[in-house]
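Have the sequence and the 3D view ready as you read.

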Amino acid sequence: MKKIVALVLAVAMVALSLCACGGQAAAPAAEAAASSDKKVVGLLMPTKEQTIWSVQGETLTEAYKAAGYDVLIEFAEDDSAKQAMQIENMISKGANALVIVAVDCAALTDACEKAKEAGCVVIAEDRLIENTDAVDFYVTFDLDKMGELQGQYIADALGLADGKGPFNLEIFSGSQDDTNATHFYDGAMKVLQPYLDNGMLVVQSGQVSYAETAIQGWDSAKAQSRCDNLLSGFYSDKHLDACLVAADCLDIGVISSLESMGYGTADCPFPVTTGQDAELAAVKNILAGKQSMTAFLDAKALAEIIVPATDSLMEGKDGAPSTSYNNGVKDVPASTYSPFTIDKDNVDHLIDVGFYTKEEIYG
């Protein structure tokens, strides 16, 4: 009887062992299946140095995770070659979709085509990737409206619609390697060109075209140098009343030049100046009366468009575009959201939406 009991126990133990081994083998298989079903999105941002990109990275990461995605994120330190390598790395890590804010809009053709060959959905964000049909979708703010906001702010601040003037204006446009910059210029000139035509605005330098006014690389130092040259060459006995400046990074250089030339006093007040991106230095300049306005891009508004568009594209649908932009090869389907004007009267909006803390702005 003891031998029989021992034999039964031994058989039972073997059976339990086999069940346990079977369970351990099944669990990884189930996990692998779940992992393979998980959507993976890669976020490729140009730099952490500008608040707009660090905030976008954080906001989009949270939004995609809430929608059930695994998220990979990289910042390229404004190095286009590094960004191309990051794209290839994300492909190898199994990304199903890539959201790319290009460092150089013309430098990612090969990387995007490799992504398409690997079956990735490719979404250009903010800046349109040029000269490739490997871009599935484009999500950006309303580019022309950005320029219109800047131009209209100058027109309203100077009272041009009321017949006031003439006033002196100079223009500082964005970099020629950024496809957005021409849209900003065109939008602003849509508002300001009639006043240039009727003489209520005068560009003493004569430099009005986009090519003449573009600042390569969005470089603050280059903007400062150009402003130095304009002020010394054309404004030794005249006052500069307004500067159409495409972005905060350029306005920082323009303001430095203006200060060095004696602007910012009761007798020589700062001109009306524009910007975009709501950089902290620009916000502080607005509060100090040095910069007039900046245009804010709300990352939450971006997320509300780009996440559903990604879902749609990954399901083989069209992403629900509202417009399109030509990248030199194709009309890329696109959706846009609106920029928001910030000046001294509504700076606290940036606190209300969580872009900055009160201490960051006022501390």
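## The second largest pocket

The lining of the second largest pocket divides by class into five nonpolar, two polar and four charged residues (Ala, Val, Leu, Ile, Met, Phe, Trp, Tyr, Cys and Pro count as nonpolar, Asp, Glu, Lys and Arg as charged, and the others, Gly among them, as polar). A pocket here is an open set of points on a 1 Å grid over the protein atoms alone, with protein on both sides within 12 Å along at least five of seven lines, and lining residues have an atom within 4 Å of a point.

Its volume is about 160 Å³ (the space filled by probe spheres set on the points, which are joined across faces, edges and corners). Among its lining residues are V55, E58, F296 and K300. Helix 2 gives the most, with four residues (helices are DSSP runs of H or I, at least four residues, and strands are runs of E, at least two, numbered from the N terminus).

## About the model

This is a predicted model, where local features need pLDDT of at least 70 and side-chain atom pairs count only at pLDDT 80 or more, while totals for chains, interfaces and linings use all residues. Residues are numbered from 1 along each chain as its sequence is written, and side-chain values use heavy atoms, leaving out hydrogens and water.

## The largest pocket

The largest pocket has a volume of about 500 Å³. Of its 26 lining residues, Q50, W53, R127, W218 and C249 lie nearest its centre.

## The largest cavity

A cavity is a set of points where a 1.4 Å probe fits but cannot get out. The largest cavity has a volume of about 60 Å³, and helix 6 gives the most to its lining, with four residues.
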